[in-house]
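Student: Hi, can you walk me through this structure? I'd like to start with the spaces inside and then look at a few residues.
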Amino acid sequence: MKGTRDTTSGSPTLDEVARVAGVSRATASRAINGGQRVSPRAQSSVDAAVRSLGYVPNPAARSLVTRRTDSIAVVVPEPDDRVFSDPFFAGTLRGVTRALNERDLQLVLLLAKPGETATRTLRYLTNRHVDGALVVSHHRDDGLAEQLARIDLPCVFGGRPWTSGEQVAYVDVDNTAGERMATEVLLERGCRRIGTIAGPSDMTAAEDRLAGWRQAMAAAGRSDDAVVHGDFTEAGGERAAEELLATHPDLDGIVVASDLMALGAMRVLQRLGRRVPDDVAVIGFDDLGVAERTTPPLTTVRQPVEQMAERATRLLLEQVDGRSRGHAMRVIIPPQLVRRQSA
């Protein structure tokens, strides 16, 4: 029959499925693509025809019916080199992939380099090339929370957004409590002069961790002037430690806002002949594998990145499926102190 067989590839067509099933082409399309208004008898006939013919649906045609792309974007407003060198992002992608694989959905990684977030990436999201977006490692000026709320694209943030927190969902660790806990460990150890290497001041995780350090120092009646900001990288931690110790050489404890920065700080202490933890105790934040490989092994605050990313992805899929009305849902995960030998 004319038009029922693809003569170039030999693949069965939708017309042929409809003929074998004894239904109209429109009914066959709805049955294959999960549409409504298909009787159980017609659905069963189409399913049988699909199996007997070995028909494979055309993804483009399917998207026209379902208005779905079967893909989810992970948006990372960071330079490429950081994304591929920081274990935080590897853990995040493992968690996302685990949740997407259960639904046979595609991950689209959008590396929004500085200055491009508001143009290329937002244009891609606005044009609905994906069904939803998970945003991680966002910054104060990237404008993603406001823009995604405005275009009403299903989205979840990994970490508290700077603005529009009442409009978008997010999953975060309790950064303030975690850094307060870390500082209290050094106070209990007997450290008298405790400084901190904070993260970038344009990221909520960094500011929340800094707030936790200040809270613990204030509660103990200690000065909180020994602060230098890093960038969550090993090299940034090294630079920050050099500045911090040059300004405050009497420090006997350092709370560091990430394990990578703590690794850089410990390298500086070694160069200066300061023993860890005998001369200076050090505590990090993350516990993503780096802490176990430092010398000595690093006491740190664990945030379960993979589990958080998986939870965020499931929240996102609930929005995509229309099963969640609470776009502003907030999930806060309690941190856990992991004691090793650096403090």
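Tutor: Let's start with the second largest cavity. Helix α8, residues 144-151, gives the largest share of its lining, with 3 residues. One thing to keep in mind is that this is a predicted model.

Student: Okay. What volume does the second largest cavity have?

Tutor: The second largest cavity has a volume of about 50 Å³.

Student: And which residues line the second largest cavity?

Tutor: Begin with H138, H139, R140, D142, G143 and L144, which are among them. The lining also includes A145, E146, F157, P161, W162 and T163.

Student: How does the lining of the second largest cavity divide by class?

Tutor: There are 5 nonpolar, 4 polar and 3 charged residues in that lining.

Student: How many cavities of 30 Å³ or more does the structure hold?

Tutor: The structure holds 3 of them. The largest cavity has about 420 Å³ of space.

Student: Which residues lie nearest the centre of the largest cavity?

Tutor: Those are F88, S137, G158, A205 and Q303. In total, 27 residues line the largest cavity.

Student: Which elements give two or more residues to that lining?

Tutor: Two strands do, β3 (132-136) and β5 (169-173). So do the helices α6 (87-101), α10 and α13 (305-320).

Student: Which one gives the most to the largest cavity's lining?

Tutor: That is α13, with 4 residues.

Student: What about the classes in the lining of the largest cavity?

Tutor: The lining of the largest cavity has 12 nonpolar, 9 polar and 6 charged residues.

Student: You mentioned α10. Where does D208 sit?

Tutor: D208 is in helix α10, which covers residues 204-219.

Student: Is D208 buried or exposed?

Tutor: D208 is buried, because its relative accessible area is 15% and the cut-off for buried is under 20%.

Student: What does D208 touch, beyond residues up to four places away in sequence?

Tutor: D208 touches R160, N175 and T176.

Student: New topic. Where is L186, and is L186 buried or exposed?

Tutor: L186 is in helix α9, residues 175-189. L186 counts as buried, because its relative accessibility is 0%.

Student: Which residues is L186 in contact with, leaving aside neighbours within four places in sequence?

Tutor: L186 is in contact with C191, I194, G253, I254, V255, A281, I283 and A343.

Student: Pick I283. How far apart are L186 and I283?

Tutor: L186 and I283 are 97 residues apart in sequence. In space they are 8.3 Å apart, C-alpha to C-alpha.

Student: Now helix packing. At what angle do α2 and α3 cross?

Tutor: The axes of α2 (residues 25-32) and α3 (residues 40-53) cross at roughly 80 degrees and come within 9 Å. That makes α2 roughly perpendicular to α3.

Student: Which residues meet there?

Tutor: From α2, T27, A28, A31 and I32 meet A42, Q43, V46 and V50 of α3. By class, this contact of α2 with α3 has 6 nonpolar, 2 polar and no charged residues.

Student: Last one. What volume does the largest pocket have, and which residues line the largest pocket?

Tutor: The largest pocket has a volume of about 230 Å³. Its lining is L263, M266, R267, L269, Q270, R274, R275, V276, T294, T295 and P296. By class, the lining of the largest pocket has 5 nonpolar, 3 polar and 3 charged residues.

Technical notes:
Residues numbered from 1 in each chain as written. Predicted model: local features only at pLDDT ≥ 70, side-chain atom pairs only at ≥ 80, totals over all residues. Heavy atoms only, no water. 1 Å grid on protein atoms, 1.4 Å probe; cavity = no way out; pocket = protein on both sides within 12 Å on 5 of 7 lines; lining within 4 Å. Points joined across faces, edges and corners; volume = space filled by probe spheres on them. Nonpolar A, V, L, I, M, F, W, Y, C, P; charged D, E, K, R; others polar. Axes fitted to C-alpha atoms, helices over the stretch in contact; angles between N-to-C directions. Parallel < 35°, antiparallel > 145°, perpendicular 65-115°, else oblique. Contact = heavy atoms within 4.5 Å. Buried < 20%, exposed > 50% of the residue type's maximum accessible area, 1.4 Å probe, protein only.
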